[in-house]
Amino acid sequence: MLSKIKDIPVKKVREGAVEIYVPDPSKYRVTAASPVFYNPAARTSRDIAVLLLKILKPESAVDLLAATGVRGLRLESEAKIKHVYLNDANPIAVCFMKQNSRLNNSKAKIFGLRAHEFLAQRYKLKHKKFDYLDIDPFGSPVPFLDAGVKAIVEDGGVLGIAATDTSALCGTYPDVCFRRYGAKPLRNYLMHEIGLRILIRKVQEVGLQYDLALTPLFCHSTAHYMRVYLKSEKGTKVANSIYKKWGYFNDAGPIWLGQLWEPSIAEKMFVLCQEKSVSENVCEETKELLFLIKDEAKIGAVGFYDVAELHLSQMPPLQNVLAALKENGFAAARSCFSSSGVRTNAKKEEFENVVKKLKKL
Ligand SMILES: C[S@@+](CC[C@H](N)C(=O)[O-])C[C@H]1O[C@@H](n2cnc3c(N)ncnc32)[C@H](O)[C@@H]1O
């Protein structure tokens with residue numbers, strides 16, 4: 001077992017079905033300044049990518065900003081993707097990727113290029129366009145979007161995009177959000193959902209320049225990051241149908257007003273993570289998230305209500321609120337964005353009446 005890679009003390013850790021070397025966590029904090037980045041707290045983001053790609057079964061996948069290579073190696077090992085490409089501009093990351101690839105008997109192809117250079121050189125590869133491209137930057141994905149969108153297969157290709165500039169997307173710095181994403185964010189209980197919808201619209205805008213319609217299949221806002229997965233379709237008609245679903249909500253926007261999740265995919269991901277052989281590679285946080293999203297995805301409403309925002313002297317149990325809404329003929333489910341959040345097709349006043357009546361019982 002290695003104790004150092006390039007003079008950097010390392011530890012072997014297991015994540016999902018792979019083992020990887022990472023900079024010794026007792027010596028390096030999880031920051032962008034670490035010699036190679038590995039954040040165990042972002043495990044859910046990788047579990048979700050694995051589950052989604054197990055369902056979509058792409059032939060090729062790129063981890064454009066791969067660091068230790070953990071994401072791409074998991075996609076190869078768990079989602080059984082045949083052609084995996086790992087790339088990172090940091091030469092130390094390349095050494096880690098090579099060792100980690102060896103450790104897992106991986107056939108992934110490893111590159112040490114700047115992201116744009118890698119994407120520009122793809123014409124030399126077997127896959128001139130990729131079925132899946134993962135963009136997992138420090139901060140905003142905006143600098144990588146144009147080259148990324150052009151590198152995915154036009155029909156059916158999928159982009160997985162992360163953003164950690166949540167202070168912009170969630171309204172702490174509205175000017176930054178406007179400059180970067182061209183939209184006004186919210187700074188209240190809805191900020192995570194609105195942030196995701198701002199990010200989705202921005203990626204879609206880049207796709208539309210090339211007559212590509214990018215439709216969200218899945219997204220989540222977890223801890224310090226947001227993630228969206230979008231499927232591409234080429235054609236002017238379908239591209240036009242995208243921008244017709246942009247608009248404003250509670251004074252925020254422009255945002256994507258369409259679906260955040262493809263309900264059948266959310267359901268399949270949930271079922272999959274219960275299967276024994278898959279379950280052991282997926283953490284509890286991921287399972288809990290999918291448990292919520294499989295139901296929430298079925299409710300098409302934009303935004304949700306937060307029972308805590310009603311400032312009641314005593315909060316009714318959430319399952320009673322859901323049951324009462326359903327008894328009154330509304331669709332309702334818990335929201336993954338807040339522990340007291342309810343997504344429903346009821347109007348605000350209808351929702352409040354149901355909750356207030358419930359309190360009197
Ligand atoms: C957040 S980390 C990626 C984490 C990794 N995907 C995971 O799941 O563990 C971002 C990585 O992007 C790399 N990077 C930053 N800018 C880059 C660029 N322009 N081209 C290629 N790699 C870059 C950094 O070296 C870093 O390893």
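**Exercise 1.** Determine whether Phe291 is buried, partly exposed or exposed in this predicted model.

*Solution.* The relative accessibility of Phe291 is 43%. Buried requires under 20% and exposed over 50%, with partly exposed in between. Phe291 therefore counts as partly exposed.

**Exercise 2.** Classify the ring pair of Phe270 and Phe291, and locate both residues in the fold.

*Solution.* The ring centres of Phe270 and Phe291 are 6.0 Å apart, and the planes meet at 55°. Stacked pairs have planes under 30 degrees apart and edge-to-face pairs over 60; the pair of Phe270 and Phe291 is therefore tilted. Phe270 belongs to helix α10 (residues 263-274) and Phe291 to helix α12 (residues 284-296), so the pair ties together parts 21 residues apart in sequence. Phe270, at 15% relative accessibility, counts as buried.

**Exercise 3.** Carry out the classification for Phe37 and Phe138, and state which parts of the chain they link.

*Solution.* By the ring-pair rule, the count comes to 11 aromatic pairs. One of these, Phe37 with Phe138, has a centre-to-centre distance of 5.1 Å and 80° between the planes, and is edge-to-face. Phe37 lies in the loop between β3 (18-23) and α1 (43-56), and Phe138 in the loop between β7 (132-135) and α5 (142-150); they are 101 residues apart. Phe37 is partly exposed at 27% relative accessibility, whereas Phe138 is exposed at 54%.

**Exercise 4.** How does the protein compare with the globule rule?

*Solution.* The protein contains 14 helices and 15 strands. Its radius of gyration is 21 Å, close to the 21 Å given by the globule rule for 361 residues, so the protein is as compact as a globular protein of that length.

Conventions. Residues numbered from 1 in each chain as written. Predicted model: local features only at pLDDT ≥ 70, side-chain atom pairs only at ≥ 80, totals over all residues. Heavy atoms only, no water. Helix = DSSP H or I, 4+ residues; strand = E, 2+ residues; numbered from the N terminus. Rg over C-alpha atoms; globule rule 2.2 N^0.38 Å. Phe/Tyr/Trp six-rings, centres within 6.5 Å; stacked < 30°, edge-to-face > 60°. Buried < 20%, exposed > 50% of the residue type's maximum accessible area, 1.4 Å probe, protein only.
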